Amino acid sequence: MSNEITRDTAFFAFSPDVEPVLHVKQGEEVKLTTHDCFSGQLKTTADTLETLDWSITNPATGPIYIEGTKPGDLLRIDLHEVKATGSSVMIAVPNVGALGHLITSEETAILENRGDMVVFKDKVVVKQNAMLGVIGVAPAAGEVHNSTPGTHGGNMDCTLITSGSRLYLSVAVEGALFGCGDMHAAMGDGEVVVCGAETPGEVRLTPQVVDLAGLPTPFIENDELVAVIASAESLDDAYKLALDMMHEFLTKVAGLPVNDAAMLMSLVGDLKFCQVVDPLLTVRFEFPKSVLADYGFSMPA
Ligand code: CA
Ligand code: ZN
């Protein structure tokens, strides 16, 4: 297959100025490999942040130029497969992350990926839910480092960004300049210690511009639900933005009456943390597809 790139084509900030490494047509499947968020620098428990080259952390594979995309387009990324390969790494570091005030000594842990499970210290076996922490498109101008989430996507660390889901992003530059990385073999909502099970991986996806006017982005769907993803400097600002985005989707795109949308968001919607450890904080608001169907709305096939 020609639409294939490797983790060697990594970039570190979403920007119109990063040269694309691959041009693909819409509707064509792309296969790529990704580094873990440390570019594979932490290989054993003896490797710590002291020797880490920070300039190559949070790599994303790409950017990929998607032919025929232009500013204002709604880009849908169909994630066919998000698969962890190799082992994973986690760190606990004093004064880093949301638990850093409780941590007194730095530690690196290596987690074995065994089948579809991930094993923590030979004690705890966790079901894998391989997800992409970083996924996005270039902003219209300037650059957004891959450590930071935003309206362009980026480091959202959302556990829904996994095999079988579809992510919607707004294109800001010609070609979109898409990239992804920072795979986690498993992670809890919040990413509180500052990482998930950071793993290298393989991704198969298809990019496609779709016509769904007014969809607030970033937006994600899987078989059961739709969700909006919102990032801001405070959790208060992030959750208010997520609520407004979901209400806008329900009323303007799905066609629910204003009060129905509000009451149903309170009845069957879920406000959840994605991560509380990045330069901006990220939350999502989930809403069940079955209730959209009750109002005669379904997402385009
Ligand atoms: Ca991340
Ligand atoms: Zn990560």
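1. Let me start with His152. Setting aside residues up to four places away in sequence, His152 touches Phe14, Ile135, Gly136, Val137, Val144 and Leu169, where contact means heavy atoms within 4.5 Å. The residue lies in the loop between strand 14 (149-150) and strand 15; strands here are DSSP runs (E, at least two residues), and helices are H or I runs of at least four, numbered from the N terminus. His152 counts as buried because its relative accessibility is 7%. The cut-offs are under 20% relative accessible area for buried, over 50% for exposed and partly exposed in between, with a 1.4 Å probe and protein chains only.

2. A word on conventions before going on. This is a predicted model, with pLDDT of at least 70 needed for local features and 80 or more for side-chain atom pairs, while totals for chains, interfaces and linings use all residues. Residues are numbered from 1 along each chain as its sequence is written, chains are lettered from A and ligands numbered from 1 in the order in which they are written, and side-chain values use heavy atoms, leaving out hydrogens and water.

3. On to the domains. The assignment, which is automatic or from a database, gives domain 1 (4-210) and domain 2 (219-294). Their centres, taken over C-alpha atoms, are separated by 22 Å. To the contact, domain 1 brings 24 residues and domain 2 brings 20 residues. Between them the domains bury about 1,700 Å², 61% of it on carbon and sulfur atoms; buried area is the accessible area (1.4 Å probe) that two parts lose on being put together, summed over both. Pro149, Leu160 and Tyr168 supply 29% of what domain 1 buries against domain 2, more than any other three residues.

4. Arg166 forms a salt bridge with Glu221, with the closest N and O atoms 3.7 Å apart.

5. Two glutamates are worth a look. Glu28 is found in the loop between strand 4 (22-24) and strand 5 (30-34), and is partly exposed because its relative accessible area is 28%. Leaving aside neighbours within four places in sequence, Glu28 is in contact with Asn3, Leu205, Thr206 and Pro207. Glu67 lies in the loop between strand 6 (60-66) and strand 7 (74-84), and at 33% relative accessibility counts as partly exposed. Not counting residues up to four places away in sequence, Glu67 touches His23, Val24, Lys25 and Gln26.

Definitions and conventions. A salt bridge is a side-chain nitrogen of Lys or Arg within 4 Å of a carboxyl oxygen of Asp or Glu.
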